[in-house]
Amino acid sequence: MERQESVYVGIDVSKDRLDVALLPAGESLAVGRDSAGLEDLIARLRGLSPALIVLEATGGYEQVVSAGLAAAGLPVAVVNPRQIRDFARATGKLAKTDRLDALAIARFAQAIKPEPRPLADAQAQMLGELVARRRQVIEMIGMESNRLRQARAKTVKRTIEHLLAALQVELSTLESELDETIRGTPIWREREELLTSAPGIGDVTARALLAELPELGQVYRHQIAALAGLAPFNRDSGQWRGERHIHGGRASVRTALYMPTVVATRYNPVIRALYRRLRAAGKKPKFALTACMRKLLTILNAMLRDGTPWRETA
């Protein structure tokens, strides 16, 4: 009996449509990014039983698509667009149209085979959206505050001040919603309490990690560091040995961890000792701080995995 080749699917998601590429057949198709289009696509893909479907993270457009595919029992992975670009560049596929982008994603799926991620439940998705919206509101407050400092006309200052007051109300509302969401879910309340038992980790950081890094406590330390973009990669060639650098991963997680790690280098005994040891060894402050971020994240990962609060010997 002839063995059937595995099918790999790449989907390029735009505002109004989905461009789909199928390998090894090399077929392409396009459907609307609406309920009817998604239903048609799911029906077709179910008949093909694909080994993997890959989409790029495109600022939110992919969420409904990936949720629909995963809910239909199809294996879906959402990956960082930079990974696709680097892969396409490495393979010399530089032409860019929606159809060719879908094909590049399918080739990436076939060659790299990223691990499918389970669909986040409704509460986890809501938490993620609340955390993301809080971050957006804080960014808007920062931008409007900068404009207020630069404004000279009284009318302009007054409109900025009114907007800042409204944004502060929105921020307070979002933080109340976050608190109710966490406190109203026993497992999240327990996970938040575990995370905040670590010196340097407050409520805001814990909630950001729960929303932006749901894999925390469920994967190995090397995997969690890679997901956050804190795993260093070698840059070696022949006899030459370059510096190891981090890249990729979830920038929002690194942002959430940055200031807590700065605090931890002063008040968290384990992180403080690591930072001082690296600086004494001649490492640059940025290198030492990144290593401390990675150490702190792996400790938090172990705490959630084992269900144990912070211990100084962690």
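## Briefing: cores, sheet and helices of a predicted model

Leu127 touches Leu178, Ile182, Trp188, Arg207, Leu210 and Ala211, when residues up to four places away in sequence are not counted. The structure is a predicted model, and the chain's secondary structure comes to 12 helices and 7 strands. Of its 314 residues, 39% are buried, and among the contacts between residues at least 6 apart in sequence, 58% join residues at least 24 apart.

**Nonpolar cores**

- The largest nonpolar core holds 49 residues, and Leu127 belongs to the group that touches the most other members, together with Leu195, Leu216, Leu257, Leu297 and Leu300.
- At least two residues of this core come from each of the helices α5 (122-150), α6 (154-183), α7 (186-196), α8 (203-212), α9 (221-227), α10 (251-267), α11 (269-280) and α12 (285-306).
- Among these contributors, α12 gives the most to the core, with 10 residues.
- Apart from this core lies another one, made of 20 residues, which include Val7, Leu29, Ile42 and Leu45.

**The sheet and the helices that pack on it**

- Five strands form an open sheet in the order β3-β2-β1-β4-β5, and their pairing is mixed.
- The edges of the sheet are taken by β3 (27-32) and β5 (76-79), and because each of them has a single partner strand, one side of each is left without a neighbour in the sheet.
- From one strand to the next, the twist averages 20 degrees.
- Strand β1 (residues 8-13) pairs with strand β2 (residues 17-23) in the antiparallel sense, over 6 bridges, and within this arrangement Gly10 stands opposite Ala21 in β2.
- Helix α2 (residues 61-71) packs on the sheet, where it touches β1, β2, β4 (52-56) and β5, and the direction of α2 makes about 165 degrees with that of β4.
- Helix α4 (residues 98-112) lies across β1, β2, β3, β4 and β5, and runs at about 140 degrees to β1.

**Val65 in helix α2**

- Val65 has its place in helix α2, and its relative accessibility of 2% means that it counts as buried, the cut-off for that class being under 20%.
- When neighbours within four places in sequence are left aside, Val65 is in contact with Leu18, Arg33, Leu38 and Leu55.
- Val65 and Leu41, separated by 24 residues in sequence, lie 10.0 Å apart in space, taken from C-alpha to C-alpha.

**Helix α11 and its two faces**

- The 12 residues of α11 should span 16 Å at 1.5 Å a residue, and the end C-alpha atoms of the helix are 16 Å apart, which agrees with that expectation.
- Four residues of α11, namely Val270, Ile271, Leu274 and Leu278, are buried.
- Seen down the axis of α11, the buried residues fall within an arc of 95 degrees, and they therefore line one face of the helix.
- The buried residues of α11 pack against α10 and α12, whereas the face turned away from the buried side carries the exposed residues Arg276 and Ala280.

**Helix α12 and what follows it**

- Just after α12, Gly307 takes a positive phi of about 70 degrees.

- Thr205 lies in helix α8, and with a relative accessibility of 9% Thr205 counts as buried.
- The contacts of Thr205, not counting residues up to four places away in sequence, are with Ala256 and Pro260.
- Thr261 lies in helix α10, and with a relative accessibility of 0% this residue also counts as buried.
- Leaving aside the neighbours of Thr261 within four places in sequence, Thr261 is in contact with Leu289, Cys292, Met293 and Leu296.

Note on methods. Residues numbered from 1 in each chain as written. Predicted model: local features only at pLDDT ≥ 70, side-chain atom pairs only at ≥ 80, totals over all residues. Heavy atoms only, no water. Pairing = 2+ DSSP bridges. Axes fitted to C-alpha atoms, helices over the stretch in contact; angles between N-to-C directions. Contact = heavy atoms within 4.5 Å. Core = buried A, V, L, I, M, F, W, Y, C linked by side-chain atoms within 4.5 Å. Buried < 20%, exposed > 50% of the residue type's maximum accessible area, 1.4 Å probe, protein only. Expected span 1.5 Å × (residues − 1). Arc of directions from axis to C-beta.
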